[in-house]
Amino acid sequence: MQRSFSSQAQQDKERGLIAEIATGDEHAFEQLYQIYFTRLSQFIFHITRRQDCIGEIINDVMYVVWEKASTYDQVCRPSTWILGIAYFKALKSTVQSQIREDRSVELNDELDYFPDRGAQWTAQLETSNWLEAAFDKLSTEQRAVVEMTYYQGLHYSEISEIMQCPENTVKTRMFHARKILAKVLPELSGGS
């Protein structure tokens, strides 16, 4: 799993862009959108488990960023603020679409998810399928905690702020998610 950490310089740049967006600067908005598009796509997918709603949710998130940029108080990292918006938009989307679709994906669509299409693509595809199946066993809240911790590099205190729950609740969700993943992953890989 990869972790995304933003340097202080990157955080300062993002804070500056948000301040410019608050004045109506469309160019700054485009830059921030580009910075967050891929990160939000991955984040939203891991919460909703649906490819078809990602673009709409990203647009909803960025609309809120555009509308509420003047309210960003710079106390938390820009990523914490933006991912907090994304978390609630993704939850809302999940609640609104209770109908589960057949999540089988064509091979070509699955391959587009991988940045490396070298000789190990079958191993990557197999690992991805295992992880996707394991993530399906987690609750929405547990998936969000795993995503924010391991893929977004957020600390439990930041996750508790985003999810608007006590830090101990975040830790408990992670504990249970790890227990489920530790049990499910060996089963899926054919191990015991």
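Gln74 sits in the loop that joins α3 (54-68) to α4, with helices taken as DSSP runs of H or I of at least four residues, numbered from the N terminus. Although Gln74 is not a glycine, its phi is positive, at about 65 degrees. Gln74 counts as partly exposed because its relative accessibility is 39% (buried means under 20% relative accessible area, exposed over 50%, partly exposed in between, with a 1.4 Å probe and protein chains only).

A note on reading this: the model is predicted, and local features need pLDDT of at least 70. Residues are numbered from 1 along each chain.

## Helix α4

Now to the helix itself. Of the 19 residues of α4, 14 are buried, so the rest of the structure largely encloses this helix.

Which helix gives the most to the lining of the second largest pocket? That is α4, with five residues. Both α4 (78-96) and α8 (156-163) supply at least two residues each. Among the lining residues are Trp81, Phe88, Glu161 and Gln164.

Gln164 belongs to the loop between α8 and α9 (167-188), and it is one of the residues lining the second largest pocket. Gln164 has a positive phi of about 55 degrees, though it is not a glycine. With a relative accessible area of 65%, Gln164 is exposed.

Notes. This is a predicted model: local features need pLDDT of at least 70, side-chain atom pairs count only at pLDDT 80 or more; totals for chains, interfaces and linings use all residues. Side-chain values use heavy atoms; hydrogens and water are left out. On a 1 Å grid over the protein atoms alone, a cavity is a set of points where a 1.4 Å probe fits but cannot get out, and a pocket is an open set with protein on both sides within 12 Å along at least five of seven lines; lining residues have an atom within 4 Å of a point.
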